[in-house]
Amino acid sequence: MTNKLKYFIGNWKMFGDFSSLKIIKRINNFCLKFRKKNKNSKVILCVPNILINFFSSKLNSDVISIGAQNCSHNKNYGPFTGSVSASMLKKSGANYVILGHSENRFEGESNKLIMQKIENALEANLKVIFCIGETQKQKNKCQTFSVIGNQLKKSIKKSFDKNKIIIAYEPVWSIGSGKIPKKNELIKTFKFIKNLYKKLFKTKKYPKVLYGGSVNNKNITLFSKISEIDGFLIGGASQSSKKFIDIIKKYYK
Ligand code: PEP
């Protein structure tokens with residue numbers, strides 16, 4: 001079993017209501033027991049905004065952190081109908097926020113806009129889970145490294161506090177498709193991201209880099225053999241307490 005801290009982050013996407021408290025309670029109970037034998041895992045659930053305050057106040061957990069899935073590029077309060085700022089998320093109980101998810105990039109989010117969101121989130125004292133990844137078309141054209149390199153360069157400022165940014169490598173073609181990269185591809189890509197990040201931002205330590213895309217309780221065994229992976233961003237499977245818990249258990253088997 002590895003001694004390095006590993007992240008298991010759920011991205012609930014557009015899922016859940018107040019009755020979903022039972023899902024998160026089951027995960028919390030599991031984590032409370034699990035932490036007695038394993039102190040090296042960190043569980044974060046990124047839920048819809050309407051559930052952040054409800055979950056964090058009902059759970060009051062020291063084993064699960066609550067996160068959001070996006071925030072506005074505008075700060076604090078203002079005339080932006082339907083928008084929620086990073087500081088509002090923080091006040092409602094979130095400690096993390098996912099930014100740059102491909103589902104939001106598809107809606108038109110640019111690298112520049114994502115940079116503004118990261119800045120706002122850090123200012124609001126949220127930790128950032130920053131998603132990068134190539135599409136199938138870009139992969140076919142062997143552009144994976146140039147695409148993810150560009151996403152890193154264009155959305156992360158040198159002045160950002162790097163201790164508060166976690167990278168999630170999510171190949172777009174893998175999200176929700178059941179397809180995953182080959183082991184050797186993953187090792188190469190993770191090394192590329194870590195080395196580039198360290199070089200670009202002159203950090204002492206390598207960044208934490210997670211994998212996201214169709215992670216489930218079967219393929220987790222393969223991922224667990226890749227030491228470069230610091231954890232997982234889990235979409236569909238995190239909406240079920242059983243599937244999410246199984247992933248964590250199998251990872252450490
Ligand atoms: C995601 O949306 O971040 C994700 C990884 O989804 P899935 O696990 O469902 O592929």
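1. Helix H1 (residues 21-37) packs against helix H10 (residues 241-251) at an angle of about 25 degrees, the two axes lying 9 Å apart; axes here are lines fitted to C-alpha atoms, for helices over the stretch in contact, and angles run from 0 to 180 degrees between N-to-C directions. H1 is therefore roughly parallel to H10, a label given to angles under 35 degrees. On the H1 side the contact (heavy atoms within 4.5 Å) is made by Ile23, Arg26, Ile27, Phe30 and Phe34, and on the H10 side by Ser241, Phe244, Ile245, Ile248 and Lys249. The crossing of H1 past H10 is right-handed, the near helix being turned clockwise from the far one by less than a right angle.

2. On provenance, this is a predicted model, in which local features need pLDDT of at least 70 and side-chain atom pairs count only at pLDDT 80 or more, while totals for chains, interfaces and linings use all residues. Residues are numbered from 1 along each chain as its sequence is written, and side-chain values use heavy atoms, with hydrogens and water left out.

3. The sheet is a closed barrel of 8 strands, running S1-S2-S3-S4-S5-S6-S7-S8 with parallel pairing, where two strands pair if DSSP finds at least two bridges between them. Neighbouring strands of this sheet are turned by 25 degrees against each other on average, direction ignored. Helices (H or I, at least four residues) and strands (E, at least two) are DSSP runs, numbered from the N terminus.

4. Strand S1 (residues 6-11) runs parallel to strand S2 (residues 41-46), and 6 bridges join them; Asn11 has Cys46 as its bridge partner in S2.

5. Helix H5 (residues 111-123) lies across strands S4 (96-99), S5 (127-132) and S6 (165-169), and runs at about 160 degrees to S5.

6. The axes of H5 and H7 come within 8 Å and cross at roughly 50 degrees. H5 is therefore oblique to H7, and their crossing is right-handed. Asn111, Lys112, Ile114, Met115 and Ile118 in H5 meet Asn150, Gln151, Lys154 and Ser155 in H7.

7. Helix H7 (residues 144-155) has 12 residues and reaches 17 Å from its first C-alpha to its last, close to the 16 Å expected at 1.5 Å a residue, the expected span being 1.5 Å times one less than the number of residues. In H7, Thr144, Val147, Ile148, Gly149, Gln151, Leu152 and Ser155 are buried (under 20% relative accessible area, with a 1.4 Å probe and protein chains only). The buried residues of H7 pack against helix H4 (102-105), H5, S5, helix H6 (136-140), S6 and helix H8 (183-201).

Note on methods. Buried < 20%, exposed > 50% of the residue type's maximum accessible area, 1.4 Å probe, protein only. Parallel < 35°, antiparallel > 145°, perpendicular 65-115°, else oblique.
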